[in-house]
Amino acid sequence: MATTFDVIVIGAGPAGYHAAIRCAQSELKTAIVDQWINKQGESAHGGTCLNVGCIPSKSLLDASHKFADARDNYAALGIQVQGIEMDVPAMIKKKDEVVSNLTRGLASLLSGNSVTSFAGSAQLQGNREVQVRAQDQTTQTIRADNIIIATGSVPIELSVCPLTDGLIIDSTGALDASSVPGSLGVIGAGIIGLELGSVWRRLGAEVVILEALEEFLPLADAQIAKEAARQFKKQGLDIRLGARVTGTKITGKGKQRKVVVTWSDGTAQQKEYKKTFDKVIIAVGRRPYTEGLLAADAGLTLDEQGCIPVNEYCATAVPGIYAIGDVVRGPMLAHKGMEEGLMVAERIAGHQPLVNYDTVPSVIYTHPELAWVGKTEQELKAAQVNYVVGNFPMSASGRALASNDAVGLIKVIADAETDRLLGVHMLGTHTSEMIAEAVIAMEFGASAEDLGLTMFAHPSLSEGLHEAALAVSGHAIHVANQRRKAKRH
Ligand code: FAD
Ligand code: NAD
């Protein structure tokens, strides 16, 4: 006889654990199943995000930024630092401690909310049953009227560059390197390629990033992407666009082993290139993960991308079965999955919330950080929307100058007729924090004038958002000639 719950959540990543906790808060008897085994060989909650994604990557990004800042920029502030060195194993140990504290904390949070945890692989059967297979291969069946699938995603592999122990690695391997490679090849100039490429560049590696597309960061606003590319080049990230990787070969023996990567460019001549690296990171995207999840009678099929098809409320074609997070359509971002988890839990509890997919923020945690919400200029042009742009360069921000970190810009795009905010795009220090101000404004349907009429603390980096909003109507105080910068289309 199967143990019965009101809700079973499959996957304890950010999407799944948010759903489970909110279900439990609504007095629903909730179970969560996860198969994650961490590098200590223990079951762990938190999914990709806590174990090998958002949190560990930010730990390395912050540590390497502090190191590079001290090495490169402190002298300008009068701070003399001699003999500065990076202890890579200590950096990795600290990252592992953060991960361990958070994943253990999450286990306590789930049990503290009376969520029952099962460690093992879940398979969805017909009749709303879930079979859980533990590591020792024993199985048990649990049942619920509502089942939420949150099985996440895994890195896409590249057949021409097969993962090779410690030499050709994916993002997970790149978070655990024990020393700085002399030369590092990164395949894919997307978010992971730029973030992890930055970590190892700051620590001294020669980093070459090979990107198949001719355009750099096509999802970001083109003006911001162009300026970001300029900043990354100054930092020594060698980004080659239009690079089609054709193969890899391992040369040498033992500690002398290296990876030779060959690629061709996008020209008609298909010019061939070859370079030898100490390590190569594959960062060409992630794919939804559903291996072993669906029994033949589960009643669900996958779409062409391998996602579980859902409607705007994350309901699947089978009543009572929902899917959220990376395993469904939309951006593969932790916060998008978290909001979907909360929405589904609330809907199961009888409420009617929605996720506003128009205000999902995106952040790339390089230095400077890229952060944006809403439409880009190129999207608005393609949709033939009339809009006005207000720009504010961070080189005019008193706070940014005072902290010797005045790179980037803030760009506000408003509807030319209604002045309603259509998009906000930022490049600069701490823009991952500042973008929340724009998200809130857009969530409340604000106009550029509303932002302009709002008081911002002085001196703060956020004043750049205020000024960019004022620049939409030509009223920014600290930028001259802004009328030229406020474009009307
Ligand atoms: P996941 O976090 O992938 O969790 C899915 C869980 O389901 C896993 O624990 C898995 O073990 C479990 N599971 C799968 N199948 C089964 C099964 N059959 N039975 C039982 N359990 C199962 N996003 C951001 O928003 N910000 C960032 O800064 C960021 N940085 C990232 C950095 C890196 C290096 C990577 C790789 C990703 C990053 N992401 C970031 C993306 C983010 O990690 C994902 O979008 C997020 O983790 C997706 O959450 P999820 O709950 O849908 O899935
Ligand atoms: P991505 O989609 O951001 O970038 C992959 C890049 O690889 C693309 O630019 C693509 O054109 C390129 N590419 C694909 N095939 C290639 C090939 N054969 N040769 C050369 N280039 C190739 O994917 P990612 O960087 O792997 O990240 C995966 C997901 O994880 C992202 O979708 C993102 O949502 C999430 N993530 C988010 C954050 C964050 O929010 N800060 C950080 C890391 C990861």
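1. Basis. The model is predicted, with local features requiring pLDDT of at least 70 and side-chain atom pairs counted only at pLDDT 80 or more, whereas totals for chains, interfaces and linings use all residues. Residues are numbered from 1 along each chain as its sequence is written, chains are lettered from A and ligands numbered from 1 in the order in which they are written, and side-chain values use heavy atoms, with hydrogens and water left out.

2. Domains. The chain is divided into domain 1 (3-155 + 287-357), domain 2 (168-284) and domain 3 (368-485), with bounds that come from an automatic or database domain assignment. Between the C-alpha centres of domain 1 and domain 3 the distance is 33 Å.

3. Ligand 1. This ligand is surrounded by 36 residues, the closest being D34, T48, K58, A122 and A334, where a residue is near if one of its heavy atoms lies within 4 Å. Oxygen atoms of ligand 1 lie 3.2 Å from a polar backbone atom of M332 and 3.4 Å from a polar side-chain atom of H335. Taken alone, ligand 1 exposes 1000 Å², of which the protein buries 94% (Shrake-Rupley method, 1.4 Å probe). Helix 2 supplies the largest share of this shell, 4 residues, helices being DSSP runs of H or I with at least four residues and strands runs of E with at least two, numbered from the N terminus.

4. Ligand 2. Around ligand 2 there are 19 residues, with I192, E211, G285, M332 and V363 the closest. A nitrogen atom of ligand 2 lies 2.9 Å from a polar side-chain atom of E195, and an oxygen atom of ligand 2 is 2.7 Å from a polar backbone atom of M332. The protein buries 75% of the 840 Å² that ligand 2 exposes when taken alone. Helix 6 (residues 191-202) gives the most to this shell, with 3 residues.

5. H45. This histidine is placed in the loop between strand 2 (30-34) and helix 2 (47-52). H45 is buried, with a relative accessible area of 16% (buried means under 20%, exposed over 50%, partly exposed in between, with a 1.4 Å probe and protein chains only). Its side chain makes a polar contact of 3.0 Å with the side chain of S117, a polar contact being a pair of N or O atoms within 3.5 Å, of which, within protein, one must be able to donate a hydrogen and the other to accept it, and residues adjacent in sequence count only if both atoms are side-chain atoms.
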